[in-house]
Structures are given as structure tokens and as C-alpha cells.
Amino acid sequence: MGKSLEDVHQSVSTQNKKSAFRKIVAFFGPAYLISVGYMDPGNWATDIAGGSQFGYSLLWVLLMSNLMALLLQSLSARLGIVTQRDLAQASRETYSPFINYILYFLAEIAIAACDLAEVLGMAIGINLLFDIPLIEGVIITVLDTFLLLFLINKGIRKMEAFIIVLVAIIGFSFIFEMFFAQPEIGKVIYGLIPSMPNEAALYIAIGIIGATVMPHNLYLHSSLVQTRNFDRSNAGIKQALKYNFIDSTIALNLAFFVNAAILILAAATFYKNGMYEVAEIQDAHKFLAPLLGNKWAPILFAVALIAAGQSSTVTGTLAGQIIMEGYLNLRIQPWVRRIITRLIAIVPAVIVISIFGEGITGKLLILSQVILSLQLGFAIIPLIHFVSDKSKMKGFHIGTITQIASWIIATIIVSLNAKLVFDEINGWLETSDNPIVLWFTVVPLAFGFLILLLYIVVKPFIAKTKTRILNHSPHNLKLQFSKTAIYTKKNIAVSVDFSSADEVALNNAFQLGGIDAKYTLIHVVETVGALVYGEKIDDHETLIDEKLLNEYKEMLSEKGFIVEIQLGFGKPNTVIPTIINEGNFDVLVMGTHGHTGFKDLIFGTTVDKLRHKIKIPLLVVKN
């Protein structure tokens with residue numbers, strides 16, 4: 001299996017540090033790359049719209065989103081630290097290729113939406129600071145490809161330092177903005193009490209959640225934590241989990257401060273002065289100086305905007321690389337990936353701005369954040385499943401309370417998104433001149449995504465149930481053989497699938513070889529991960545199958561049989577012939593009606609392919 005972000009994988013040593021402080025600092029960094037996604041230009045648009053339209057009343061949404069983000073990012077970091085898999089890799093090992101292609105497509109849409117926000121934010125910042133036209137500013141953003149290449153070649157610590165500097169610029173800019181705006185502290189505190197003024201506020205609130213809890217950050221965090229080289233003992237993993245949680249807490253609280261500052265700034269300036277329609281970043285910049293009476297306010301605002309756009313575009317590229325490599329196992333040069341990602345964002349931005357003018361940018365930014373929010377469920381639900389899996393997490397799975405909290409968060413996000421989609425489609429149907437087209441296009445698509453969401457919710461539960469019900473305990477086998485019979489076979493291969501068919505197969509093998517023959521038990525793991533990664537896979541089913549195969553060996557050895565085991569990975573009609581032809585076997589015995597691809601084998605194509613590929617007799621016995 002390929003390593004996540006292979007160029008910088010385990011490139012930062014956390015061991016042999018002279019002090020505890022140095023050790024902690026060695027772990028710090030990944031969460032700051034994550035935090036910039038929580039203060040990117042898309043957040044600015046939703047925060048400004050929320051503050052100008054509803055004052056301080058949506059501050060609680062930011063606080064709730066930050067708490068959600070902290071929990072989800074800690075789950076993402078846990079997955080990467082414990083399993084050494086990023087979220088995309090874990091998904092690829094769990095779901096079928098078809099489902100993974102859909103999940104990949106949705107993740108790419110999220111990356112494009114995120115990059116659209118970054119492109120527009122940087123272009124707007126360049127326009128405000130240097131008076132360069134917006135479309136030209138959009139095109140200029142392509143140049144940051146080379147900045148990313150320069151940073152990644154210098155190592156992940158240099159990139160983290162660069163991002164931290166940009167975060168500091170954003171933070172200090174808004175400290176001064178708060179000093180200039182002088183918000184009403186009482187109303188700020190009151191804004192932390194949950195309330196929803198109207199339906200329009202719900203749309204903005206969902207946009208804020210989408211802008212804050214970003215799906216690509218879940219993929220990114222699970223990969224970035226793997227840049228640390230630490231002791232892989234239980235104590236070492238516990239320490240890594242602790243330090244990364246501290247890292248996430250500090251970084252995401254800084255992001256919360258920035259988001260809250262933007263909303264408070266909009267509330268203290270625009271909402272306070274009755275300017276409820278200020279949703280464009282450009283308008284916010286234009287009105288800051290006259291409303292606050294300070295020429296530095298708009299300058300700092302533009303500088304912070306450029307810093308936010310530049311920092312988030314770097315992390316967005318890394319997330320895109322992780323998603324592509326994890327889902328498709330496709331590795332391309334980072335600069336090619338950057339160009340592709342940037343063009344996907346630039347082309348629609350240029351087209352829309354050319355047609356509708358520069359005034360549309362605010363609506364584009366908010367739309368991009370709503371798209372991100374809609375994709376969240378398809379990243380959060382698999383993540384919760386993975387970190388709850390005892391086998392996958394090797395004892396570091398999350399506890400019951402954390403699981404409940406995680407599922408509550410997932411339910412809140414999915415429910416809000418479902419309401420948003422329902423309201424939007426209902427509005428389109430009421431206002432459309434040709435609603436029949438929508439009924440046959442948009443509505444089926446929405447139902448399709450709903451079915452996909454339900455599938456990824458229930459699939460892991462069903463898979464675990466199947467494993468529990470269908471795996472046959474070796475201690476229940478009723479074995480029969482005679483010590484007085486004459487046996488002709490000395491080296492017998494037996495294909496097992498941990499079903500009741502194994503009992504018939506083994507008893508028939510004993511009739512051929514008796515107690516003195518050598519028996520090799522062969523089992524083939526057919527999971528998606530096994531097909532892709534072969535013997536390097538260590539997913540849940542592989543661990544269970546390997547355990548059962550060893551139990552078979554132990555039980556038969558105790559009865560006096562000479563037993564070896566062979567675990568294969570992939571398709572049985574390819575793997576089994578390879579094992580048989582490389583060994584020195586007299587006969588292969590196979591049972592039927594298993595749960596891992598042997599169902600009705602005698603009537604299927606597997607047995608025919610096997611019969612032609614192997615050089616020894618094949619005995620197929622039906623249960």
C-alpha cells in the first residue's frame with residue numbers, strides 16, 4: 001500500500017528530544033495547516049453575511065461549528081496515527097470500487113468548491129490592495145502553484161512555518177480590527193445563546209457550518225499526522241494522540257477567534273448602522289474606513305484576506321493529492337495536480353464573473369460553502385465508522401460517549417443539509433417554467449445521493465454482522481477419519497472459507513490422506529482492500545480470517561494432523577492456482593456454499609477456471 005504524502009511521510013522525528021517541550025513542539029504543526037481551512041475566504045463571505053444581516057445572533061453557530069470541528073479533526077488525526085491510513089485510503093479498503101468512485105467524485109467537487117473560494121478570496125484581496133481587476137487577479141492565482149512546489153521541496157516543517165506566519169498575520173490583523181470596531185461585549189455574549197431569526201438565517205448557518213467543518217480537512221489531517229516519526233508502541237501512540245489533540249485545540253480555537261472576529265466586525269459596523277445587505281467582501285472593505293474612521297482597517301482587512309487565501313490554497317492542494325492517491329491509487333506530479341485543481345476553480349469563476357459581473361462573487365463564495373456542507377456527510381460517516389472499529393483501530397477505537405457525540409454531530413449536519421436540499425428543490429419546482437425536467441433530473445439525483453448516504457451508514461454494520469454470523473467456529477467441526485484405512489495422498493491442499501462447507505471438505509481430505517498426510521489449508525481474502533493492496537492489507541475481514549485460519553491449524557494439530565496454512569489475497573480463480581502450481585500437492589479439495597465467493601461454486605465459473613489452471617486433480621464436494 002502506498003504511503004500518504006509519500007514525499008514527507010514520517011519525515012519529522014519526534015524522538016530523542018532533550019526536553020518534553022521540544023517533543024511537544026515536534027508534534028505541533030499539522031493542525032495549523034488544518035486551521036487555515038477554517039478561516040479561508042469562504043468563511044469570510046458567510047461570516048460577513050451572517051454578521052451584517054443578523055448581528056451577533058449567529059455567533060453560537062460558529063462556536064458549535066468549532067466544537068464539531070475539534071471533535072471531527074481529532075477523529076481524523078486518530079485514524080491516521082493509529083492505522084497509518086488517511087481517510088481516502090481507509091475508504092478504499094472498505095467500500096466497493098463503484099462506491100469509492102462516487103465518494104471520490106464528491107470529494108473532488110468539495111475540493112473544487114473550496115478552491116473556488118480561495119481563488120475568489122485571493123483575487124478580491126489583490127484587487128482591493130493593488131486595484132488589479134478581479135478577473136486578472138483570478139488568473140494571477142495560478143502562480144501560487146510554484147510557491148507550493150517550493151515549499152513542499154523544502155520539507156513539511158518549512159511549509160508549516162510558512163502557514164503559521166500567515167495565520168499570525170490574519171490573527172494580528174483582526175486583533176487591530178476589534179480594537180477599531182469596539183464591539184458591544186454584552187451582545188457578543190448574548191450571541192452565543194442558540195437562536196435562529198428566520199429561514200434566511202438557516203441558509204447562512206448551514207453555509208457557516210460548511211465553511212467551518214470542511215470535508216477536505218478530514219482527509220488532510222489523517223494524512224498530515226503521518227509526517228511524524230514516533231514510537232509505534234502503545235505508549236508512543238497514546239502520546240501522539242494526546243499531543244495532536246492539544247495541537248488541534250490550540251489551532252482550531254485560533255480559527256474560531258478569526259471567524260468570530262469577522263462576524264463581530266460585520267455586526268459592529270454594518271448591522272449596527274442598518275446596512276443589512278452587506279454580503280460582498282468588496283463592500284465590507286469599502287465601508288470599513290468611513291464607518292470606523294481609520295484608514296488602516298481596510299488595508300489590514302485586505303492583507304488578512306490575501307493571507308487567508310494563500311494559506312488555504314496550499315492545504316487545498318495537499319488535500320486534493322491525498323484524495324486522488326487514496327481513492328484512485330493514482331499519483332501525479334504536485335504541480336500538475338495544482339494546475340488541474342486551480343483550473344477547475346478558475347474557469348467557472350471567470351465565466352460567471354464575465355457574465356454576471358464582479359458583484360456576484362459574494363453569492364459564489366456562499367454557494368461554495370453550502371456545497372462543502374452538503375458533502376460533509378459522505379466524509380464524516382465513514383470516518384466515524386473507521387475510528388469505532390476495534391479491529392481497525394487495534395484497541396484505540398473511540399469510546400461509547402465519543403461515538404454518540406460523533407453520530408449526533410453527523411445527524412445534525414445531515415439533517416440540516418437535507419432540509420436545505422428539500423427547500424431548494426421545492427423552490428425550483430415552484431418557480432420553474434418546466435418542472436417536469438427537474439422531476440426527471442434533479443429529484444432522482446437527490447434520491448440517489450440519499451440512498452448512497454444510507455448505504456455508507458449501514459454497510460459497515462451489515463459487514464460486521466455477516467462476519468459474526470457466517471464465520472464458522474473451528475471447534476464446531478465434526479471431523480471423521482479412520483486409522484485403519486489405506487491412504488494414497490501425501491500432500492493435500494484444502495480450500496476453506498470458514499463456513500459449514502469446510503467440515504465436508506476436510507472430512508473428504510482425511511479420506512484421501514489420513515493422519516500421516518500433510519494438509520495445507522488455503523483461504524483467499526476477497527475484500528476490496530485485498531484486491532488492491534494484496535498481502536499488505538490489514539483490514540477487519542483480513543484480521544478475522546487470519547485468526548480463524550490459525551485456529552483451524554491449532555485445532556487440527558492438536559488432533560495429530562500435520563497442518564500448514566496459506567492466506568491468499570485477490571480473486572480465488574487466480575490466487576488458488578498460483579498457490580497450487582507453486583507447491584507440491586497431490587490433490588486440491590474444495591467445499592461449496594461459503595460466504596466469500598464460493599457460493600454454488602460447482603455450478604459457477606470459478607471451478608471451471610481452476611480446473612483448467614491447476615496441474616493436479618480437483619475434488620469438489622458439496623455441503
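Author: Q182 is exposed, with a relative accessible area of 60% (exposed means over 50%, buried under 20% and partly exposed in between, with a 1.4 Å probe and protein chains only). This is a predicted model, in which local features need pLDDT of at least 70 and side-chain atom pairs pLDDT 80 or more, while totals for chains, interfaces and linings use all residues. Residues are numbered from 1 along each chain as its sequence is written, and side-chain values use heavy atoms, leaving out hydrogens and water.

Most residues other than glycine have a negative phi. Q182 is found in the loop that joins α9 (156-181) to α10 (185-190); helices (H or I, at least four residues) and strands (E, at least two) are DSSP runs, numbered from the N terminus.

Ten of its ten residues are buried, so α12 is largely enclosed by the rest of the structure. Among the buried residues of α12 are P215, H216, Y219 and H221.

Two helix pairs come next. The axes of helix α5 (residues 87-94) and helix α15 (residues 296-328) come within 7 Å and cross at roughly 20°, where axes are lines fitted to C-alpha atoms, for helices over the stretch in contact, and angles run from 0 to 180 degrees between N-to-C directions. On the α5 side the contact (heavy atoms within 4.5 Å) involves A88, Q89, S91 and R92, which meet I322, I323, G326, Y327 and L328 in α15. In the other pair, helix α1 (residues 20-27) packs against helix α13 (residues 234-271) at an angle of about 70°, with their axes 9 Å apart. Here K23, I24 and F27 of α1 meet Q239, A240, Y243, N244 and D247 of α13.

The account ends at the sheet, an open one of five strands in the order β5-β4-β3-β6-β7, with parallel pairing (two strands pair if DSSP finds at least two bridges between them). Its edge strands, each of which pairs on one side only, are β5 (562-569) and β7 (618-620). On average, and with direction ignored, neighbouring strands of this sheet are turned by 20° against each other. Strand β3 (residues 491-495) pairs with β4 in the parallel sense over five bridges, and I492 stands opposite Y519 in β4. With strand β6 (residues 587-590), β3 pairs in the parallel sense over four bridges, and the partner of A493 in β6 is L588. Helix α23 (residues 501-513) packs on the sheet and touches β3, β4, β6 and β7, its direction making about 170° with that of β3. Helix α26 (residues 572-582) lies across β3, β4, β5 and β6 and runs at about 155° to β4. Strand β4 (residues 518-525) has seven of its eight residues buried, so it is largely enclosed by the rest of the structure.
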